[in-house]
Amino acid sequence: MGSTRATKSDTVKLVVLRELTTLVASQGLLRRAVLGAVSTRAHKMIVEENRHDRPLQVRRDVYDHLMALIRGIDRATEMGCVSKRVVRRIFDIFFGNILLRSTEDEDVVGSLGFTPPKFLLISPTGRCNLSCSDCYADSGPGDCAGLDFETFDRLLTEKHDLWGSHFTVISGGEPFLWRDGGRDLVDMAARHDDDLFMVYTNGTLIDDDTARRMAELGNVTPAISVEGFEEKTDARRGRGTHMKVLAAFANLRRHGVPFGVSATPTRDTWDIITSDEFVDFYFEEQCAVYGWLFQYMPVGRGHILESMVPPRERVEMLRRMRRHVRERQVFLADFWNSGPTSCGCIAAGRRGGYFHVDWNGDVTPCAFVPYSTDNINDIYARGGSLNDALGSPLFTRIREWQARYGFTQ
C-alpha cells in the first residue's frame, strides 16, 4: 500500500537492513567491521540528515538508543542466547516495515490529514494469575472482560491497512491468559506474521512449549516484569515469582527468542533498578536485549503517592540511564526520563506514538491515563473504524496540546 517512491533516506535505511542481516551471520573481525558500518550508516540517517528538524541532543539520544538496541541483539546472538533466524526475522520486520516509516505514505497521511500513530497498545484481557499489591490495571485472578477474537483480529488488520503499521504492543492483565475459541495470543501473532509483537508479561506462563511456538514464528518478543532481584520482585508479585521468571528466561534462551525486562522504579526500588548490578545480572548474565523502566504512576489498585520517585532521585536515574546506554550500550528507556528521545508524550495517536484499547474495548490515550470517550465495540457496531477513535475530540485536543508543548516546535 501507499507511495512506492524511494527516497535517499529510504535507500540508506535499506542499506542498514542489509548490513544488519550480514551482522547476524558474521563472526569475529567481520562482525566488528559490519557493526562499525551499521553505526556509521545509522549516524548519517539519524544525526546528520535531521529529517524532522530535531535538536542535536535529541538526535544523539535517538542514535544512542538505537545502537544500544542493536548491540544488545548482537551481544545476545554472540552469546548464543537468541536464534539467528529469529533475529533476521525481527530485523526484517523492524527495519523493513517499521523504521522505514510506512505510516508516512502519502495516501495514508492524505486520507487522515495528519500522520497516524506508529503502533497500537492492546490489552486483550484484564485477568492475571498474579495479584500485585498496586497493579496499575487493577488486574487479578477473578473473572474479567476480554476482547473476542474477531475484534482483536480486526484491530490488528485495521492498523495495518489504514495506517501501514507493523508494530503492536500487548499488555493486560496477563496477555498469555487470553483465549477465545481455543485460540491464544501466539495464534493471533501467527495470523499477523508481518507484525512485530512486544508483549508485556509477568513471564510465569512462558513454559517450554510457548517459547518454542514463539521461536517458530519469530515475530514475538516478551518484556518480562521484574522489580529488582528476588526479594523485591517476590514482595510485590508473590513468593516464588522471581524463580518462575528465571525459568521463563531459560525457556526463551533455549529456543532463541529475544526478550527484555520491564521494571517499575519506586521510591524504594529505583536505586536497585538503575544499578550496575541490575544491568550485570539481567543483560550480561540472563541475556535480556532491552529494558523498559516505567516510573511508578499512582493509578490502579492501592495507589500511593509517596511511592513515586522523588525529583532529586529522578535526576540521578537519568544520569545512570544515559551512562548505561552510552557507555555500556545497554538499551534502557525510562518513562519519563527518556522523554527527549521520543520528543515528548507519545499518547493519543500522535505521529510516531500510540493509543490504547483495553479488554472492555475502551479506547484511552495512554495505558496510564485510564479515561475514555469511545469504545471500539460501539464504534464497530455503528460501522466505524480505528480512524474514528483516532479522530475523537479527546485525542484531537491532546495532540493539539502536544504540538503546543513542544513536539512540533
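Helix H8 has these buried residues: Thr210, Ala211, Arg213, Met214, Ala215 and Leu217. Here, buried means under 20% relative accessible area, exposed means over 50%, and partly exposed lies in between, with a 1.4 Å probe and protein chains only. Helices (H or I, at least four residues) and strands (E, at least two) are DSSP runs numbered from the N terminus.

Welcome to this structure, which is a predicted model: local features need pLDDT of at least 70, side-chain atom pairs count only at pLDDT 80 or more, and totals for chains, interfaces and linings use all residues. Residues are numbered from 1 along each chain as its sequence is written, and side-chain values use heavy atoms, with hydrogens and water left out.

**Around helix H8**

- Just after H8, glycine 218 takes a positive phi of about 80°.
- Aspartate 208 forms a salt bridge with arginine 254, with 2.9 Å between the closest N and O atoms. This pair links distant parts of the chain, as aspartate 208 is in helix H8 (residues 208–217) and arginine 254 is in helix H10 (residues 241–255), 46 residues apart.
- Aspartate 208 counts as partly exposed, at 34% relative accessibility, while arginine 254 is exposed, with a relative accessible area of 53%.

**Other salt bridges**

- The structure holds 27 salt bridges, each being a side-chain nitrogen of Lys or Arg within 4 Å of a carboxyl oxygen of Asp or Glu.
- One of them joins the side chains of aspartate 134 and arginine 236, at 2.7 Å from N to O. Aspartate 134 lies in the loop between strand E1 (119–122) and helix H6 (149–163), and arginine 236 lies in helix H9 (residues 230–237), so this contact ties together parts that are 102 residues apart in sequence. Both aspartate 134 and arginine 236 are buried.
- Lysine 159 and aspartate 195 also meet through their side chains in a salt bridge, at 3.0 Å from N to O. Because lysine 159 sits in helix H6 and aspartate 195 in the loop between helix H7 (185–191) and strand E5 (196–201), the pair ties together parts that are 36 residues apart in sequence.
- Lysine 159 is buried, with a relative accessible area of 0%, and aspartate 195 is buried too, with a relative accessible area of 3%.
- A network of salt bridges links Asp276, Asp280, Glu284, Arg323 and Arg328.

**Cysteines**

- A search of the whole structure finds 1 disulfide, meaning a pair of cysteine sulfur atoms within 2.5 Å.
- Cysteine 81 and cysteine 287 form this disulfide, with their sulfur atoms 2.0 Å apart. The torsion about their S-S bond is about 70°, so the disulfide is right-handed.
- The bonded pair links distant parts of the chain: cysteine 81 is in the loop between H3 and helix H4 (84–98), and cysteine 287 is in the loop between helix H12 (276–285) and strand E8 (290–294), 206 residues apart. Both of these cysteines are buried.
- Cysteine 345 counts as partly exposed, at 34% relative accessibility, whereas cysteine 366 counts as buried, at 14%.

- Glycine 80 lies in the loop between H3 and H4, and glycine 80 is exposed, with a relative accessible area of 53%.
- Glycine 80 and arginine 253 are 173 residues apart in sequence and 8.1 Å apart in space, C-alpha to C-alpha.

**The nonpolar core**

- The largest nonpolar core has 101 residues, of which Leu155, Trp292 and Phe355 touch the most other members. Such a core is a set of buried Ala, Val, Leu, Ile, Met, Phe, Trp, Tyr and Cys residues joined through side-chain atoms within 4.5 Å.
- Helix H3 (residues 56–78) gives the largest share of this core, 8 residues.

**The cavity**

- The count comes to 1 cavity of 30 Å³ or more. A cavity is a set of points, on a 1 Å grid over the protein atoms alone, where a 1.4 Å probe fits but cannot get out; lining residues have an atom within 4 Å of a point.
- About 60 Å³ of space lies in the largest cavity, where grid points are joined across faces, edges and corners and the volume is the space filled by probe spheres set on the points.
- Residues lining the largest cavity include Asp61, His65, Arg322 and Asn337. The largest share of the lining, 4 residues, comes from H13, and H3 and helix H13 (311–326) each supply at least two lining residues.

Notes. 1 Å grid on protein atoms, 1.4 Å probe; cavity = no way out; pocket = protein on both sides within 12 Å on 5 of 7 lines; lining within 4 Å.
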